[in-house]
Amino acid sequence: MKRIYPILLAALMLPGLAFAQQTPAGTNISNQASASYIDSAGQPRTTTSNQVITVVQQVYSFSITPDGSTTTPGQTRTALAGAPVYFSYTVSNTGNGTDTINLTLAQDTGDNFDLTGTARYLDANCNGTLDSGETTPITSVTLSRQGTPGASACVIVAGTIPASATSGQFGNLNLVGTSAGSPTTTDNNNWARAIATTAAILTATKSASPSGPVTPGSTITYTISGANTGGSAASGVSVSGLTGTGILISDTIPTGLSVPAAPTGSAGAGTVQIVYSTNGGTTWSTTAPAFPFVGNGSNRVGMFISGSGAFFPQTASYTFSFQVTVPTNAPAGTSYPNTATVQYNDGTANQITTSNTTNNTAASRYSVAIGGTGASAIDGADTQTIATATSGSTVTFNSTLQNTGNAADSFTLSLGTSTLGTCTILQSDGVTPLSGPVGPLAAGATYNVVVRCTIPASQTTGGSVTLTATSVNNPSGSVGTLLDGVDATTLAVTNVVLGYSLDVAHNTNGASGGEGSDPANDTRPGYNPAVNPGGVAYFPFEVNNTGANPDTYNLTANLPAGWTALFYPDTNCDGVMDTPTPAPVSSTGLINAGTIACFIAAVQVPNGAAPVDVTAGTNDNVQFTATSTTLPSVSDTIAGAVDVNLVAQVSLTPNRSGTVTSPGTIQYTHTLTNSSNAPATCSISGSGGSFGWTYQYSLDGSTWASSLSSIAVAANGGSQVVYVRVLTPAGQPIGRTDINALTASCTIASTTATATASETTTVVGGDLRLTKSAVSYVGSSSTVRDANAAVALPGDQILYTVVAQNIGTGNLTQVVVSDPLPSYTSFVSASVSISGFSGTVLYSTNGSTWSTTAPTTLSSGQTLYVAVDTNGDNTITNADILPPGATITLSFRVQVQ
Amino acid sequence: MMKHFGWRFGTGLLCLIGLALAQASSDIRLDLKAFRVVSVQEQSRTVERLEPALDAKPGQIIQYQLTALNTFTSPLRQVALVIPIPPTTAYQAQSALPLRLGDTLVVPEFSFDGGKSYGRPPLKRKLKVVENGKEVEKEVEVKPEEYTHARWVIPQIEPQQTLTLTLRVVVR
C-alpha cells in the first residue's frame, strides 16, 4: 500500500463561493435519486433510489469588533488619572453552531502605562454602560450559531488609568478571543487605548430600548447620555447653521429607520435646542423636518447645548433621547447599528467623543402560505379543484408553498384525512417522495409541492385532501390567520367517474372491433353451431377495455349442466383458432384502456348430451362473461346458442345358438341396448324360422308372447333383456338347424332405428346338453363387470358356469365334465352342485385319479374334471349314471392375469 | 380435464402475481452514494480522495454517485435519471459529466425550478424590470449554484446494463 503523507488533510473548499448563511451544524443533507422510464409494456414508470444522508458538521468562526492595533486602536477613552475607563466590544459567532468564546486581556509593552484592575463584563442590554446587575466579571461568552438570536454579545472591558499617569500618556489594552470548540480559532486584533488627561472630558453612552432583536413595525428608543468627567469645565464649538457656540450631540439615523417625532433632551448647564441636519452634519437647523424623518445616511438628529466660554462644569450631565420605527417589511436579521458623537472644546482643542454602538436587529417573523400554483402562494383557506377524474387513476396537484416570513425557514408538509385514496407528497420534480421538512427557504421564496393521489378503483364520488404547511420555527397558528406559522390548501376532485368498464362482443366480422354497439352485440342471431354429443362449438368474441385504466379480466362461462368451456386467445382476431392451437386461458391478461383483445370460446358438449334445438338471440343456452379483476362489479356477458344433434342408435346382442331335442325346448336371452341420446320405444318380433317351430318372446322370462311392443329403453346405454323360447315339435330330424331372425324396431324422438339378432337352434339326439356361461366381476368383488364376461380387466375374476343336463329319456353313464383353465388366467376355485339325482361329486386333474375335494391349484393349460360317483366306489366308471333331467353344474372361478 | 383446468388457472394466477410484483418493485435498481472530496498531499502532489460522506462541513464538496442497473430482461426506453441537488448545497459547475454510451453522448440537463423544467446550461430566467419607466422582461442567466436537479435522459438501457453518473455539490 502506498503511504499517504497526511501533511495536509483538508477538505477541498471553493474559494469564490460565499454563502450568506452557513447551514446549521447537525443539519441532515438528504438526497434521493429517481428514474422515470418506459417499460417493456410501454407503460411509463418511475422508481427512486436509496436515500443518502450527510450530516453537516460544525465550523468554528467568530469575530470581535471593533478591530484595532497598538498604533491605530479601535476605540479610545480619555479620563483623569486614577479614573476608570470602559471599552465596548461586540463578540459575534459567525460559525454554524453554538460555541463558547474564551476572553482574555493583553497589555501593550510599547505604551506609557498598563491599566490596572482590568476586568470583562457582559453588557446584557448593550448600552455601553456597566449597569447594576452587570458587574460580575466574565471570562467567556457562549453564543448560538450565526443568524440566530444570541449569536452575538456585548462585552465591556474595564480598567483604571494609574494615578501616576500624566496628561497625554496612554496605555493600550487588547481583548483576545479564543474559540473553545477550536482553540486555533482566535481574534486578537482588538486593541483599545486609554489616555490620561486633566482637560474637560465629555462622555457619551448610547442605549437602545429594547436592545437586540426588535419586531418589524415596532419602535426603538435611543438615549444618549453623558457627563463632564474631566478635570475642568468644557466649552462649546461653532456649528454651521446654529447661533453661538455649544456642545453638539449628533446621531445619524440608521438607514431605513424613521424618526416619528421630535427628539427630547436636557442638560445640566447651557441652553438646549433640538437640531436637524439633512446633509450628513455639514449644516444644522433648529427647524423640524416633516416627520417621519427617515434615515438615509445623511439625515441626522441632534441636541445643541449652547453657552459661552467654559460653561459646562465638571460633573454636569446631559441626556438626549429620540425614537425610531423599524419598517414592517424589514428582513430578519437586518442590522441597525447606531453611534452618537459629542463635539465640544476641552479648553484647548475641539474634541469628538464617539459613543458605544448599539446594534438592533430585525427579529424573525416565521410565517407560511400554501395554495395556488402561481409565483406566490395564497395565504388562508383555499381550494384547488379538478373537475373530473376517473377511478383507479392518479391525480396530481401542484401547490405553491411560500415563506411569507422575513427569515429563512423550513416547513413541514402533511396531509389530512384523504377521501381521494392514498395520497403522497412529492418534491417539485413530481417523482421524488418528500422526506422531512422543505427548506430552508429564503424569506419570500416559493417551493412547488406536488401531491399525488391514487383514486380507489371503486370510488365514484368526489373527494378531497388537505395539505398543511407548518413552519418549523413557529409551528403554532391557524389556517384562517394570515402571516402565521400554519396554512393549508384543500385539494379536491369534484366528480370521480368510474374508470373501469368493458364491452364483450361476438366477433362477427373476423376482425378486431367494428361490432355493433353494446348491448346489441351481446347476442349473435343466425349463428348457432350444431354438434353431436361429445362435439365442440366455437364462439369467437372480443373484449374491449372501454375504461380509463389498464385492466385484466377473468373469463367464465355459464353453460348447461355437464358442459364445459375453454377460452383460447385469438391473436390475429380473425375468429379462427390459431395454429398451433394456443394454450387455453382463464383470464385475458392485461388489456390497455381503449384496446381490444380477441378470444375464442370452445364449448365442449359432453357425450350423451340430450338433443337441443335453440334459436340464437331468442333462447340462447350458453353465456360467456368477462369480469374485471380490479373491480369485480364490472363485467359484461354475451350469449350464444348451441344445437345438439339427435343421434339414434340401438343394438340387440348377442346372436345365440343352441341344441335341442325333438321334441324339446330351449331358451335364449338377448340384450336390447339404446345408445341414442334420447329414450327409445321399441317393439320386438321374430321371423319364426323356416320349419314352423314355435318362437315366443318375453321381457321377464315368465310371460310369453308372440311379439313384444312398447318397450321403453332409457337413453345413453339403457338396456332391456329379451327372452326367446324355442319349442321344437316331435319328429324333427337330428341335425336340422333353424334360424330365427329377431328384429327390434325403435322410435327415438323424431326418428327410428332398428337392430337385429338371431337364434340358431340345432336338433340333437336326446342325450347330454352342455351349456357354458360366464360373468366377469370387478376384481374379487361381487360387482359385475360384465354379465356376459365380454369385458374383463387384469385382476378381474371370471365365474364360468358349465351345466350338463341329461335331456334324453334314458340314463347316461360315466358323465365327466371337463373344463381347461383359460390362458392368461389363474385358478381361484371350483365347486359343483347336482340336481335330479344323488351321488358323490369327485374331482380330477387328469381324468383318471379322482378325489372328493376340489383342487386348490391348477397350472396353466391344465384341465379340471368333475363327475358324480353314484355307485359309491369312489371312482368314475360306466356304472355311474346320470338319470334323465338330472344336471351337474360346475362353477369355475378364475382371475385374469 | 379438471386437473388441467386447475393448472391453467394456477399459471394465470402466477402471472398476475408476477405482474403485481413487477409494478411494486422496480425494473431499475438505483443506488446513490455520497462521498466527501478531500485533497491529500502525497509526495509533493495534491491528490483527491473520496471518503464516505457521513458528515461534511459548510464549504466542503460532496460527490454524489448514482448507479443505475436495468434488472429487467428487456431494454428500457427513455430513462430519465435524476440526481437532486439538496437545498443546503450548491451545484459545482461542470461537475456533472456527460455519459458516453456507444456512439451516443448523453449530456446532463439541469433544472432550477425544482425539477419542473430542464435545460442545458446556460439556463435563463425571465425577470420583469423597470427600465426608463417601462416594465420590460429580461433574461438573466441562472447561476449553477441555483440549480435544483440534474438529469440524464438515456434513450435505451439494455438488460443488465449498469450506468454510473456523478456530480458534485458544495455544502452551503
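What pLDDT does chain A average, and what percentage of its residues score at least 70? The structure is a predicted model, and its chain A averages a pLDDT of 88, with 97% of the residues scoring at least 70. One stretch calls for separate mention: over residues 1-18 of chain A the pLDDT stays under 50. For that stretch the model has 25 contacts beyond four places in sequence.

Chain B may be described next. Its secondary structure comes to one helix and 13 strands. Chain B has 172 residues, of which 34% count as buried. Among the contacts in chain B with a separation of 6 or more, 69% are accounted for by residues 24 or more positions apart.

An open sheet of four strands in chain A has the order β4-β6-β10-β8, and its pairing is antiparallel. Its edge strands are β4 (62-65) and β8 (116-122) of chain A, each of which pairs on one side only. On average, neighbouring strands of this sheet are turned by 20 degrees against each other, direction ignored. At one end of the order, β8(A) pairs with strand β10 (residues 152-160) of chain A in the antiparallel sense, over five bridges. In this region Ala119(A) stands opposite Ala158(A), a residue of β10(A).

A residue counts as buried if 20 or more other C-beta atoms lie within 10 Å of its own. Two strands of chain A pair with β13(A). Strand β5 (residues 75-79) of chain A pairs with β13(A) in the parallel sense over five bridges, and Gln75(A) stands opposite Ala192(A) of β13(A). Strand β11 (residues 170-179) of chain A pairs with β13(A) in the antiparallel sense, also over five bridges. Here Gly171(A) stands opposite Ala194(A) of β13(A).

The nonpolar cores come next. In soluble globular proteins, nonpolar side chains tend to be buried together. In this model the largest nonpolar core has 148 residues. The members that touch the most other members are Val91(A), Val155(A), Ile247(A), Ile249(A), Ile62(B), Leu66(B) and Leu81(B). Strand β1 (residues 28-42) of chain B gives the most to this core, with six residues. Beyond its neighbours within four places in sequence, Val91(A) is in contact with Phe62(A), Ile64(A), Ile101(A), Val141(A), Leu143(A), Ser152(A), Ala153(A), Val155(A) and Gly177(A). A second, separate core has 33 residues, including Ala457(A), Val605(A), Ala616(A) and Ile638(A).

Where the two chains meet, the contact takes 55 residues from chain A and 60 residues from chain B. On the side of chain A that touches chain B, the elements giving two or more residues are β1 (9-11), β2 (28-38), β3 (44-56), β34 (438-441), β35 (446-454) and β43 (587-591) of chain A. The largest share of this side, ten residues, comes from β2(A). The residues of this side divide into 27 nonpolar, 25 polar and three charged. Pairing crosses between the chains as well: four bridges join β2(A) to strand β5 (residues 76-84) of chain B, and the two run antiparallel. In this pairing Ser34(A) stands opposite Val82(B) of β5(B).

Two loop residues complete the account. Phe72(B) lies in the loop between β4 (61-70) and β5 of chain B. Phe72(B) counts as partly exposed because it has 19 C-beta neighbours inside 10 Å. Not counting residues up to four places away in sequence, Phe72(B) touches Ser40(A), Asp27(B) and Pro159(B). In chain A, Ala310(A) has its place in the loop between β23 (300-306) and β24 (317-325). With 16 C-beta neighbours inside 10 Å, Ala310(A) counts as partly exposed. Ala310(A) and Ala233(A) are 77 residues apart in sequence, and their C-alpha atoms are 5.3 Å apart in space. Beyond its neighbours within four places in sequence, Ala310(A) is in contact with Ser232(A), Ala233(A), Ala234(A), Ser235(A) and Gly347(A).

Note on methods. Residues numbered from 1 in each chain as written. Chains lettered and ligands numbered in written order. Predicted model: local features only at pLDDT ≥ 70, side-chain atom pairs only at ≥ 80, totals over all residues. Pairing = 2+ DSSP bridges. Axes fitted to C-alpha atoms, helices over the stretch in contact; angles between N-to-C directions. Buried ≥ 20, exposed ≤ 12 C-beta atoms within 10 Å, placed from the backbone. Contact = placed C-beta atoms within 7 Å. Nonpolar A, V, L, I, M, F, W, Y, C, P; charged D, E, K, R; others polar. pLDDT = per-residue confidence, 0-100. Core = buried A, V, L, I, M, F, W, Y, C linked by C-beta atoms within 7 Å.
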